[in-house]
Amino acid sequence: MEAVRRVLLLGEGNFSFAASLCGAAGTHVVATCYESEEEVCGRGRAAESIRRLREGGAEVVFSVDCTKLKEYFSPEEREFDCIYFNFPHCGRKAGVVKNRELLAHFFHSSAEVLTEEGEVHVALCNGQGGTPADQPRREWHNSWQIVAVAAGAGFILSNVHPFKAETIHGYKCTGYRGFLELNSNHPVRAVKEKLTAELNQAFPLQNIDCCLSLLHQGHLNGVCHSNIFWIILSPEESPSTEEMSNGVANAVLFSHVDFCKDTDKNGWVNVQERCHISKQYYLRPSLLPYAQAIIQRGAFLPGTIHVLSGPVFRKCLISPYSMPVFHEVVFVCAVNRGTENSCIQMLVNSIKTSIHSLHQTVSGSKLSINLQEATSFETTELNDFAAFESQLSEIQYFICMETDTSGSCEKGSCVGIIRTELIGSELVVVFASFNLDLLAMLICGISDWRMLWTSDTRFLRQFPRGRLRLFKSFSLYPPSYVHDVSFWVPDGEQFDEVAFHTIARQVSGEMVVSIQLIDSFQQSERGRKSLCYRLTFQSCDKALSRQEVAEMQLLFRKEIKRRLRVALR
């Protein structure tokens, strides 16, 4: 009788990969994941995959640390013929060094539970491995160095082949791809689903499912360049024109762009603060150009609402409701000229109905949503979302929302904008853009945008299967630390406050919650200008120590001196 081959799978997300292997002749599958059973079963299709595994005779084990494998199996159970670890990662904010350490500990742990002729299969994103097979290939010090870390545990690399997810029956990747994916329980997705469902009652709806590239090349007309995340790619990393048009740059680059940190440390992209280079890329700040392209190509059905959604990136000043990244949804509808006002009113009524419905399930407080003409606003009255949108093209209406319970909520926060565009002589196109993250915050009472991006499971647990609830903070009275910094502004230069705030975001990993100008004076004899800012450091989801903050402050002083050429006092 042929010996049964024992296969160990680590880091399963929804157990769909393990389920695809279950049932193979002569194979016994042991499928594990790092999270608890309660956390995993909330993911799309996970419960079904776990049921299939158990019915097929496989073992399913939860809360398994891949760096301590021998602790989970008795000596007679430690003889595995093959170990699979697909797309390992320490977490959303981890860099290459931490992930390299994870792999090193994993390989040492695997050696303790593997048969003498056993194999370890690790799937990585292209470029991470640091091998000649990785194309594009990163510099060695910025890769995960898989050959070296495996050698440290006595392993050699014997084969490299592509991970073809489409050939694995029933497999669904659960790695981070965005709040809006089908398997997401995130409140941002719940808001988007409610908006589109309500609109579908009044209009035919068509989702634009094409992959929209995160990168643009060149310059963005009419937009202040200090609000854009500029990126420089090395020649081998630059996507081709065909890749850009097909959206390949989205899949290749998004997992490597960390909007909260200086991505240069990850060796993939270099985000510039001072942007005076002619050939460059930038992270998309809006989905409006894609919506306009659909109209220009004639790829639309009059009377049908076309829906585009995804993350957009904008540099902004630091505040709880100002987001350097958020999820935008754009609704596009072409109607006969003269009927655009009726279309706008129907669209706004549907939006109001869906938001009121969501809010009532969460809170009994009063909520008002108003459609206001753009001409009634002064630029200084606009929040960051609306102010940036006003740079892109002319706006007809702002959609503002406020509640009567949140003292920290900006009164009349602009959550959406409406603009129109004449096509030929017969059609008018209505574009309605919404900040989904801001909507989710206002509806659920989330007072800090950073909480939407936390990897702490105590956040998503509050929204089981995407059901919206009033958010309850799990970090009570988090410590905050205040540091002041004073400097002379370079003679004859305009001080770039947005760049100043962006550097603070990068060096602190989004731990700066407030920056206030507390003093300013100008020397009468030399005309030099001095500024003094107060920075407040505070985390929304973890303990922040005084020592950590001191190190951040020192790095911040060093970086503003280098990048902004200020003279520290």
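**A buried pair to start with**

Are Glu-389 and Arg-419 buried or exposed? Glu-389 is buried, and Arg-419 is too; here buried means under 20% relative accessible area, exposed means over 50%, and partly exposed is what falls in between (1.4 Å probe, protein chains only). Their side chains meet in a salt bridge at 3.3 Å, N to O, the term being used for a side-chain nitrogen of Lys or Arg within 4 Å of a carboxyl oxygen of Asp or Glu. Glu-389 sits in helix H11 (residues 384-392) and Arg-419 in strand E15 (residues 413-423), so the pair ties together parts that are 30 residues apart in sequence.

Before going on, some ground rules: this is a predicted model, where local features need pLDDT of at least 70 and side-chain atom pairs count only at pLDDT 80 or more, while totals for chains, interfaces and linings use all residues. Residues are numbered from 1 along each chain as its sequence is written, and side-chain values use heavy atoms, with hydrogens and water left out.

**The chain as a whole**

The protein chain has 15 helices and 20 strands. Both are DSSP runs numbered from the N terminus, helices being H or I with at least four residues and strands being E with at least two. Of the chain's 569 residues, 51% count as buried.

Take the contacts in the chain with a separation of 6 or more: residues 24 or more positions apart account for 71% of them, with contact meaning heavy atoms within 4.5 Å.

**Helix H12 and its neighbours**

Nine of the nine residues of H12 are buried, so this helix is largely enclosed by the rest of the structure. Among them are Leu-438, Met-441, Leu-442 and Cys-444. The buried residues of H12 pack against H6, strand E12 (325-336), helix H10 (340-362), strand E14 (397-403), E15 and strand E16 (427-435).

How do H6 and H12 cross? Their axes come within 9 Å and cross at roughly 100°. That makes H6 roughly perpendicular to H12. The axes are lines fitted to C-alpha atoms, for helices over the stretch in contact, and angles run from 0 to 180 degrees between N-to-C directions. Angles under 35 degrees count as roughly parallel, over 145 as roughly antiparallel, 65 to 115 as roughly perpendicular and the rest as oblique. On the H6 side, Pro-187, Val-188, Val-191, Lys-192 and Leu-195 meet Leu-436, Asp-437, Leu-439, Ala-440 and Ile-443 in H12.

**More salt bridges**

Side chains of opposite charge can pair when their charged atoms come close. The structure holds 13 salt bridges, and one of them joins Glu-112 and Lys-70 (3.8 Å, N to O). Glu-112 lies in the loop between helix H4 (96-111) and strand E5 (114-123), and Lys-70 in the loop between strand E3 (59-61) and strand E4 (80-86), so this pair ties together parts that are 42 residues apart in sequence. Glu-112 is partly exposed at 43% relative accessible area, and Lys-70 is partly exposed at 39%.

Glu-548 and Lys-542 make a salt bridge at 4.0 Å, N to O. Glu-548 is partly exposed at 29%, and Lys-542 is partly exposed at 40%. Salt bridges that share partners also join Arg-314, Glu-389 and Arg-419 into one network.

Most residues other than glycine have a negative phi, and most peptide bonds are trans. Glu-510 has a positive phi, near 65°. This residue lies in the loop between helix H14 (497-508) and strand E18 (512-522) and is buried at 3% relative accessible area. Arg-565 also has a positive phi, near 60°; Arg-565 lies in the loop between helix H15 (546-564) and strand E20 (567-568) and is partly exposed at 44%.

Glu-510 turns up again beside Arg-450. Leaving aside neighbours within four places in sequence, Arg-450 is in contact with Glu-510, Met-511, Val-513, Gln-538, Ser-539 and Cys-540. Arg-450 lies in the loop between H12 and helix H13 (457-460) and is buried, with a relative accessible area of 9%.
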